[in-house]
Amino acid sequence: MKADRAEWTLHLQAQGSSIAEALAKLRREKPLLDKFLADAGFEKGALADSNEPAEPNYEEVEGRNGNMRSVQVGHIARQSIVVNTTDIARIAAASKAIVQFEADGHPVKYGAPQFLVSNLEDVKMSLIGAAMQNSRARAEEFAKNGGVEVGAMRSASQGAFYILAAGAN
């Protein structure tokens, strides 16, 4: 089974002494990330930007008595960008190339893309059907060797389905 869509979330974060400074730094970085994504082959329509929340930044510092306490040190502004695409190879390549973008000093955080299957319900039903046939054949083999018969199914449960990039474990 192959994924036919992918979703990838990236986060920009910038710190400043004030909300205005943090937002200004964030807004200087956003066009650079947009260019990286455009150069990777993603059109604007494939990108969804979040709002730009800003909040106080707190750091733990040691007090005079050795106690740790939170002290506000400026503000942090953040923005998330979600990439949605049907081009699996392109998103896989971009998710590798983003490492260099970050290494070049850009304040971006990211995880692995999520690979999705649009017709998952159809796939699940065919897998469940095959699993039921296989379980019946196994039960009959056990019963034959044990000198008993297989009766009606009393219960069944379904495990989770995971879709990973090819070669991922």
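## Salt bridges

The side chains of Lys109 and Glu102 form a salt bridge with an N to O distance of 3.5 Å, where a salt bridge means a side-chain nitrogen of Lys or Arg within 4 Å of a carboxyl oxygen of Asp or Glu. Glu102 is partly exposed, at a relative accessible area of 27%; buried stands for under 20%, exposed for over 50% and partly exposed for what lies in between (1.4 Å probe, protein chains only). The model is predicted, with local features requiring pLDDT of at least 70 and side-chain atom pairs pLDDT 80 or more, whereas totals for chains, interfaces and linings use all residues. Residues are numbered from 1 along each chain as its sequence is written, and side-chain values use heavy atoms, without hydrogens and water.

In the whole structure 10 salt bridges are found. One of them joins Asp87 to Arg90, with the closest N and O atoms 3.5 Å apart; Asp87 is partly exposed at 27%, and Arg90 is partly exposed at 33%. Lys30, Asp34, Lys44 and Asp49 are linked in a salt-bridge network.

## A pair within helix H3

Glu141 and Lys144 also meet in a salt bridge (3.5 Å, N to O). Both lie in helix H3 (residues 120-146), 3 residues apart, about one turn of the helix; helices are DSSP runs (H or I, at least four residues), numbered from the N terminus. Glu141 is partly exposed at 39%, while Lys144 is exposed at 59%.

Note on methods:
Helices (H or I, at least four residues) and strands (E, at least two) are DSSP runs, numbered from the N terminus.
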